[in-house]
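Please follow the explanation below with the sequence and the structure side by side.

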Amino acid sequence: MTKKGWLYWLFFLALFAAPFYLTEFRLSLLGKFLCFAMIAIGISLIWGYTGILSLGHGVYFGLGAYCMAMYLKLESSHGRLPDFMEWSGVHQLPWFWKPFEHPLVAISSAIIIPVLLAAFLSYFTFKNRIKGVYFSLLSQAVVVVFVTLFIGKQEWTGGTNGLTNFSTVFGFPLSSPFTQIILYWITVCLLLLIFLFSRWLTVSRFGRVLVAIRDGENRVRFLGFNPTTYKVFVYSLSAAFAALAGIMFVLQVGLISPAMMGIIPSIEMVLWVAVGGRSSLIGAVIGAIVTNSAKSFFSENYPDIWLLFLGGLFIGVVMFLPNGLAGVYQSFKQRKGQREGKTHEAGSHVSRSVGGF
Amino acid sequence: MKPVLMCREVSVDFDGFHALQGVNLEVYPHEVRFLIGPNGAGKTTLLDVICGKTRACRGKVLFYSHDITKMPEHKIVRLGVARKFQSPSIFHQLTVWENMELALKQDRGLFAVLRAKLSREDRDTIIAVLQRIQLFDYAEQKAGSLSHGQKQWLEIGMQLIQFPQLLLLDEPIAGMSEAERERTGELIHEIARNCAVVIVEHDMDFVRRFSKQVTVMHEGKVLCEGTMEDIQKNEKVVEVYLGREEKAC
Amino acid sequence: MSVVITQVFNGFSLGSILLFVAIGLAVTFGLMGVINMAHGELIMVGAYMTYVVQQIFAKYAPQSMGYYFFIAIPVAFFVSALLGWGLEKILIRHLYHRPLDSLLATWGVSLILQQIARTIFGAPNVAVLPPEWLDGGVRIAGVVFPYKRLFILVFVILSIFALYIYLTKTPAGRRIRAVTLNRDMASCLGISTRKVDAYAFAIGSGFAGLAGCALTLLGPIGPTIGTYYIVDAFMVVILGGVGKLIGTVLGAFGIGLVSTLMEYSTSATMAKVMMFALIIAFLQWKPSGLVSVKTRSLD
């Protein structure tokens, strides 16, 4: 195995072992950050590899989380009407809430609904060759639609407060450390799977088609590929990752509200990836963890300067570190390589691709 | 013999500007057809219409028996029409090898590409083409780092490896050195053994050296067709084309 | 009948506000192609400048309070313009070829400006007292037209007219159009494109300041007032068709009228949801405002 491969496994091993060396509070934070890392991998795929900047991933995350939360809410209400509905004067469970009594329905719709939305939206947009900043701004408009809807339809969604006060999941108490550790491990496993799958995608010929689309979408057409199909696929895939993150998020945090899927969180998701390095999957994971750790550090200690720091981070990364932390690491390695006179790096690649010859 | 390409009364309007006005063109297998004409004659627009980048507002384009007038670009390519653009349109962030791998004749559907592996046969093909365009030693370099002439060749290589039946070239020798031009001219005739070629070219020496059939376009219409000698004798051509050059001098 | 008139007037009134927040963007985004997410914060700066001018008047010249607004207008314009000018010089200049990155960087700027506003003026909203002569309204055919709304409508029409005259009739404005239409050619003709860029961006930002000034008439203002309008503003420009002032005007009044109509038949929330869904759907149907001019080159 290569040195890089070992580093990856070591990283994930450290994540697996986290319950043994982190306090309960820190572990719950890390669990939350790993959910964000899932979203970050998806954004890296669409933005770093394919060149699509989506400012709407909060919606897919939110829809996934809400679907899961509806199940949790019903389970915690023990057959009665959820509390917020009573407060809003609703007397009967709305029809579309009913199927969410079944965990399988809830989990599968938590994935399927966001993916369908992403596929529907991206199919028409990309087919009509709307791209670049126009797509970004349109995806932001989608966020406005959903956030306004979720706040406005208080009797169905819990309004600004969102859905919270869950007690159990599949009969296990959500507040017990044991359940939380299991949920944490599931999150790590899912993250690992998402990471491996995405890595497989990017090193394959499929990944090269994505990069080619980023470099020049029209040229790809004249090689006989239909960019729309590829873009819709990868965009929907990233929506699925965000939805999965939403499910795990609501299980561990026990709360989802419109403020977590709005315009600001959506654009912060992009920042995680920018910090880590937009076209590096592991960079995206690390970026999500680092940025969010910084966020909780600042908001615990210096809440006033958090926004200044965040704003500075946006500007600084774009201006000075367009390839993020992964870029810093790479240029460091290159400089080190040059010092040690290791220039046969390029040569080894040739022997790999032309190996059978 | 059946024509590879048949354009019938093709017209294109750009916001009221008549870029093409009823163009007829037939190209037969193994033919190398040069399109010449002053700027704005509609040569590039005609190539754009054939490959689907621009839509004809009237008329028909047939590729063998397929009507490709309204077909999306990628489907036209899949039928066997390859297009090289004026400025090198290769993928700068990918290596030369990866560029070739994408251009390979293959099933370009999403799921086929997901499962795609480089077969021994494909690998040999890529190596053969890379050697032919003299880029084998650069296989692992990023395409963006090549010289201008090499980029042009890489793109020609990417058209070659598609094994097209019709190749559309837009000013393939622009920016090339004398030796590179010579080599490109030979390459084009090698290619024509297996496919028909349509070339837009401004360089008259190159046209003289490598052309058999030439089509002269002017103001969105075909002015005349024939060998270079015929055309040089044609008074209309001298008037619109050479006459203009004299005036410019 | 009076209901119809009221609704149409409300539509135009909403349209005039949307047009105001979008005029500046029509210049920076529509003409120059820069995605400035801090546009909303430039509006906020204009609003706070109005507040500051009012406070100064209240303290030093309470007898001429009625006229503070006429001082606030140029102050808001020039402070926002100056800020925009600096923003272009320091940041945006380096990102002309990376639109997605300029989107992110200017978002960062917007966060910083918000925090600065919060530090200086405090997090809670502050109220700007409109001049007394704007209180009340005129009653025609049983319908009351508030003076404030009428004033904004007139104010925005004058602003857009001034911008139009500036762009088409003055040499400086023509230089802006020349650069935005064909940068290389303009620079060959001896126009300093760098200067024009900074200048045009400052003009666009100045109009954001004017919008902020107008918004103070509608209610209290706060550090996040810009966030509230930014998406709407971009939608107006995109819907109208990028690069066309008249498109922005039509887009703004179109959205204004349709939203008021929907608000009348449903609720404010659903009207907003449906309006945005409608815009997204419309742009799928007719992306003509979105697609760039036909060119020979690929990408």
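Which residues touch the most other members of the largest nonpolar core? In this predicted model, the answer is A40(A) and A243(A), within a core of 274 residues. Helix α12 of chain A, residues 227–253, gives the most to this core, with 17 residues.

The surroundings of A243(A) can be followed in detail. Leaving out residues up to four places away in sequence, A243(A) touches Y60(A), F61(A), L63(A) and G64(A), and also A110(A), I111(A), P114(A) and V115(A). F61(A) has 32 other C-beta atoms within 10 Å, and 20 or more make a residue buried, so F61(A) counts as buried. Apart from neighbours within four places in sequence, F61(A) is in contact with I39(A), A242(A), A243(A), A245(A), G246(A) and M261(A).

The UniProt record, an unreviewed entry, places the feature "transmembrane region" at several spans of chain A, among them residues 29–49, 104–126 and 232–257. In the model, residues 29–49 of chain A are 100% helix and 0% strand, with end C-alpha atoms 29 Å apart. Residues 104–126 of chain A are likewise 100% helix and 0% strand, and their end C-alpha atoms lie 32 Å apart.

Most residues other than glycine have a negative phi. H78(A) is not a glycine, yet its phi is positive, at about 50 degrees. This histidine lies in the loop between α4 and α5 (83–87) of chain A. With 8 other C-beta atoms within 10 Å, and 12 or fewer being the limit for exposure, H78(A) is therefore exposed. H30(B), also not a glycine, has a positive phi of about 65 degrees. H30(B) is found in the loop between β2 (17–27) and β3 (32–36) of chain B, and is partly exposed, with 15 other C-beta atoms within 10 Å.

Chain C comes next. It has eleven helices and two strands, arranged along the sequence as α-α-α-α-β-β-α-α-α-α-α-α-α. The radius of gyration of chain C is 20 Å, close to the 19 Å given by the globule rule for 299 residues, so the chain is as compact as a globular protein of that length. Its C-alpha trace spans about 60 × 50 × 35 Å along the principal axes. Buried residues account for 47% of the 299 residues in chain C. Of the contacts in chain C between residues at least 6 apart in sequence, 76% join residues at least 24 apart.

For chain C as well, the unreviewed UniProt entry places the feature "transmembrane region" at several spans, including residues 99–117 and 233–257. Residues 99–117 of chain C are 100% helix and 0% strand, with end C-alpha atoms 27 Å apart. Residues 233–257 of chain C are 84% helix and 0% strand, and the end C-alpha atoms of this span lie 16 Å apart.

Note on methods. Residues numbered from 1 in each chain as written. Chains lettered and ligands numbered in written order. Predicted model: local features only at pLDDT ≥ 70, side-chain atom pairs only at ≥ 80, totals over all residues. UniProt positions renumbered as here; feature names shortened; annotations may be inferred. Helix = DSSP H or I, 4+ residues; strand = E, 2+ residues; numbered from the N terminus. Core = buried A, V, L, I, M, F, W, Y, C linked by C-beta atoms within 7 Å. Contact = placed C-beta atoms within 7 Å. Rg over C-alpha atoms; globule rule 2.2 N^0.38 Å.
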